Amino acid sequence: MTPVILADLDDTLFTTLKNYAGRDPASLRRVTTAKNGNHSYLCGRRQAILDWLANGATLVPVTARSLDAYARVHLETFVSGAVLSNGALIIGADGSEDLAWSARVRGHCDLAAPALTELRARMMASGADLRIHDHLHDGVLVGMTAKSNDETPAGVEAILGKARALCEGLAAASRVALHLNGNNLAFVPGGVSKRAAVEHLLATRADLSGRPLIGAGDSASDLPFMELCDMMIVPSGTQNSSKLFSRSGD
């Protein structure tokens with residue numbers, strides 16, 4: 001009856017240098033390689049927490065990272081499979097793909113593809129100072145992300161706020177989910193989600209059945225899969241902690 005810990009990765013277990021303001025990078029452990037140089041790190045405290053979580057528990061990442069981005073996480077802790085690409089891909093402990101899940105996801109992604117193409121066109125035509133990344137797996141468009149080129153808080157709020165407002169109507173009509181967290185506006189096909197993938201994982205992995213579940217995540221998009229768990233872990237200074245500790249009228 002040891003726990004299963006279902007954990008988001010970025011800004012939950014590890015984070016980038018912007019969240020270590022004033023820290024000497026030499027005092028941190030680099031744990032990812034980012035193609036744009038924006039690597040992620042662990043401080044001693046986060047390392048101790050990660051070691052504690054992994055000691056005696058089964059730790060399963062539930063992340064927006066693609067298979068390629070997950071391969072650039074340099075931690076030996078993750079040996080029990082993972083949910084990747086916001087739930088579009090499930091891999092086993094041996095790295096093999098859950099093909100039944102991928103076939104199901106492909107149907108959702110094919111239905112969403114025209115809407116994602118139109119949403120991309122709308123944002124590009126708006127002239128907003130942003131960049132758009134398509135997320136593909138085996139040639140299938142499994143999602144899309146928009147980021148502001150102006151990474152100041154005011155720039156992110158203005159540019160991604162405009163992009164979200166521009167896309168909300170079509171996204172809702174097309175069952176494409178929008179998730180905004182920091183400088184990251186994610187577009188996820190309807191029917192694809194971390195929660196749906198975790199539900200499938202728990203139903204098909206006998207080694208996870210009946211065990212206590214702990215969910216960990218920084219973003220509001222993590223909450224649906226965290227709600228499947230017996231307990232939750234919310235990192236401080238994140239979107240979820242802001243929701244938890246907001247004090248209206250104080």
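The buried residues of α5 are K194, A196, A197, V198, H200 and L201, where buried means under 20% relative accessible area, exposed over 50% and partly exposed in between, with a 1.4 Å probe and protein chains only. The model is predicted: local features need pLDDT of at least 70, side-chain atom pairs count only at pLDDT 80 or more, and totals for chains, interfaces and linings use all residues. Residues are numbered from 1 along each chain as its sequence is written, and side-chain values use heavy atoms, with hydrogens and water left out.

**Overall chain**

- The protein chain has seven helices and 13 strands; helices (H or I, at least four residues) and strands (E, at least two) are DSSP runs numbered from the N terminus.
- The radius of gyration of the protein chain is 18 Å, which agrees with the value near 18 Å for a compact globule of 250 residues; the radius is taken over C-alpha atoms, and the globule rule is 2.2 Å times the number of residues to the power 0.38.
- Along the principal axes, the C-alpha atoms fill a box of roughly 50 × 45 × 40 Å.
- Of the 250 residues, 45% count as buried.
- Among contacts with a separation of 6 or more, 52% join residues 24 or more positions apart; contact means heavy atoms within 4.5 Å.

- The buried residues of α5 pack against β1, β5 (58–61), β6, β7, α3 and α6.
- The largest nonpolar core has 23 residues, and L6, V83 and L201 have the most contacts inside it; such a core is a set of buried Ala, Val, Leu, Ile, Met, Phe, Trp, Tyr and Cys residues joined through side-chain atoms within 4.5 Å.
- At least two residues of this core come from each of β1 (4–7), α3 (99–125), β9 (140–148), α5 (194–204) and α6 (223–226).
- With four residues, α5 gives the most to this core.
- Leaving aside neighbours within four places in sequence, L6 is in contact with V60, V62, V198, L201, L213, I214, G215, A216, F225 and C229.

- An open sheet is formed by four strands in the order β8-β9-β11-β10, with antiparallel pairing; two strands pair if DSSP finds at least two bridges between them.
- β8 (130–137) and β10 (176–180) are the edge strands, each pairing on one side only.
- Neighbouring strands of this sheet are turned by 20° against each other on average, direction ignored; axes are lines fitted to C-alpha atoms, for helices over the stretch in contact, and angles run from 0 to 180 degrees between N-to-C directions.
- β10 and β11 (residues 185–189) run antiparallel and are joined by five bridges, and A177 stands opposite V188 in β11.
- α3 packs on the sheet, touching β8, β9, β10 and β11, and its direction makes about 30° with that of β9.
- Helix α4 (residues 153–173) lies across β8, β9, β10 and β11 and runs at about 165° to β10.

**A88**

- A88 lies in the loop between β6 (82–84) and β7 (89–91) and is buried, with a relative accessible area of 5%.
- Leaving aside neighbours within four places in sequence, A88 is in contact with W101, V105, V142 and V192.
- The C-alpha atoms of A88 and L99 are 11 Å apart, and the two residues are 11 apart in sequence.

**Aromatic pair**

- One aromatic pair is found in a search of the whole structure; rings of Phe, Tyr and Trp (its six-membered ring) pair if their centres lie within 6.5 Å, and planes under 30 degrees apart count as stacked, over 60 as edge-to-face and the rest as tilted.
- The ring centres of Y70 and F78 are 6.5 Å apart and their planes stand at 35°, so the pair is tilted.
- Y70 counts as buried at 12% relative accessibility, and F78 is buried with a relative accessible area of 12%.
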